[in-house]
Amino acid sequence: MDVDSDSDISLLGDEDRRGKGKGKGKATEKRKKDKVKGKSKEQAYTWEASYTRSWDTVQEDETGSLQGAVDDLMARGRRRRLLAPAAPIRRTIIRHLVLILDLSNSMMDRDMRPTRFDLALRYAREFVTEWFDQNPLGQVGLVGMRAGLGERFGEMSGNPQDVLKALNDRTKLEPTGEPSLQNAIEMARGSMSHLPAQASREILIIFGSLTTCDPGNIHDTLDVCIKNRIRISIIALAAEMKICRELCEKSGGQFGVAMNEGHFKDLLFELVPPPAQQTTVRTTGGGSGNPPADLIMMGFPTRLPDTSPPSLCACHSDMKSEGFLCPRCMAKVCDVPTDCDICGLMIVSSPHLARSYHHLFPVKPYHAVSSLVDVVAPTGACHACARSFPTTASTVAVTEGMSPLGRYRCPDCRHDFCAECDVFVHDVVHCCPGCGK
């Protein structure tokens, strides 16, 4: 039987076929959506992992207070100070540091949020600010290593604003290619070749790669750095490399591998205090000792106010009113500390010199007072802030290094201080309010 094209049979058959195809398409589309949804649940954004259950890092005590977590952090700082040597150590307060940043493709990895590159830049800016605050007589230069070359991004400067300006210019610091440790170290060594013997020469490398493309033997570069007394420190963001540890150990620097973001910052800020001066072997005698102490000639400049007539500075040849006058040749410079471009005199200000002094004679750690039995007339308030001490001892389990009475006593003047003043004296003031030491 012939069926016309416009018959009901053909129409019903077409509708059935279309209905089956439509139902099958919906099922396939639904399975695809479920698959994509399940995949998105498994692969979350990398930045979300930073905030996953972050409240678990702070533990409450049985009363619901966070004071125990705060005390634990303070006790950790106290134990670190107690482990430090109490005797004065000979240190170099006139420091010259070259910060080398790895700008290779490995710095774009996201194992540290948001990327290794962004995190390294942020911590480098914080490090430079803290470094100049603790070492006002020092100078910092910037070098990057990418595409197998070493590039200088900032000249050696004693002004933190110049260094921070170079670090904030992200367009000039885009990562590309492979790093070269040898080229970067050679460029850093060349920028410190003119420094006097009494100034320290340090290189800090933030290294995020597992390879290095060097044009020659890097061990020859290491021997030259050891001969020039250049200290190399490396913070690795990926893994430990034998050449990196060898560079640090033979030159007297520090080496560490960052486990996470917090550990990376701790390793970086451990390099803020000036390192102890290395002993040298005496040629006349058989023993070893410190190098001879030489007198360093410094000049204290005269500061020009903003209302003074404009004149050219000797460092940049800019016409400006404010500045400093060299006490020897009366040349004008923009910032201090610096070396006079005319006569070569080191120009510093007295506050800068005073702030560098506390590294040589640090404040002695205060002792945690556990009992007042041997004290005849204990004071009822902190000697610094006059806040009253608690009358009863704390019943909560006390962390090692903390006082159950909230008292911390200076070993020289025997005055008692509270926990907040103890931290403030050792980390900020660097001078005991009771004895002035």
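Trainee: Among contacts in the chain between residues at least 6 apart in sequence, what percentage join residues at least 24 apart?
Mentor: Bear in mind that this is a predicted model. The count takes contacts between residues at least 6 apart in sequence. Those joining residues at least 24 apart make up 65%.

Trainee: How many helices and strands are in the chain?
Mentor: The chain has 437 residues. Its secondary structure comprises 10 helices and 19 strands.

Trainee: What part of the accessible surface belongs to carbon and sulfur atoms?
Mentor: Start from the total for the chain, about 25,500 Å². Of that surface, carbon and sulfur atoms hold 54%.

Trainee: How do helix H3 and helix H4 run, roughly parallel or roughly antiparallel?
Mentor: Two packed helices are described by the angle between their axes and the distance between the axes. The axes of H3 (residues 116-134) and H4 (residues 160-168) come within 10 Å. They cross at roughly 180 degrees. Angles over 145 count as antiparallel, so H3 and H4 are roughly antiparallel.

Trainee: Which residues of H4 make the contact with H3, and how does the contact divide by class?
Mentor: H3 brings Leu 121, Ala 124, Arg 125, Val 128, Thr 129 and Phe 132. H4 answers with Pro 160, Val 163, Leu 164, Leu 167 and Asn 168. By class, the contact has 8 nonpolar, 2 polar and 1 charged residues.

Trainee: Which residue in S16 stands opposite Asp 339?
Mentor: S15 and S16 (residues 346-347) run antiparallel. They are joined by 2 bridges. Opposite Asp 339 stands Met 346.

Trainee: Why is one side of S17 and of S19 left without a neighbour in the sheet?
Mentor: The open sheet has the order S17-S18-S19, with antiparallel pairing. S17 (367-368) and S19 (416-417) stand at its edges. One side of each lacks a neighbour because each has a single partner strand.

Trainee: What is the bridge partner of Arg 409 in S19?
Mentor: S18 (residues 408-409) pairs with S19 in the antiparallel sense. The pairing spans 2 bridges. For Arg 409, the partner is Asp 416.

Definitions and conventions
Residues are numbered from 1 along each chain as its sequence is written. This is a predicted model: local features need pLDDT of at least 70, side-chain atom pairs count only at pLDDT 80 or more; totals for chains, interfaces and linings use all residues. Side-chain values use heavy atoms; hydrogens and water are left out. Two strands pair if DSSP finds at least two bridges between them. Helices (H or I, at least four residues) and strands (E, at least two) are DSSP runs, numbered from the N terminus. Axes are lines fitted to C-alpha atoms, for helices over the stretch in contact, and angles run from 0 to 180 degrees between N-to-C directions. Angles under 35 degrees count as roughly parallel, over 145 as roughly antiparallel, 65 to 115 as roughly perpendicular and the rest as oblique. Contact means heavy atoms within 4.5 Å. Ala, Val, Leu, Ile, Met, Phe, Trp, Tyr, Cys and Pro count as nonpolar, Asp, Glu, Lys and Arg as charged, and the others, Gly among them, as polar. Buried means under 20% relative accessible area, exposed over 50%, partly exposed in between (1.4 Å probe, protein chains only). Accessible areas come from the Shrake-Rupley method with a 1.4 Å probe; for residues, only the protein chains shown count as cover.
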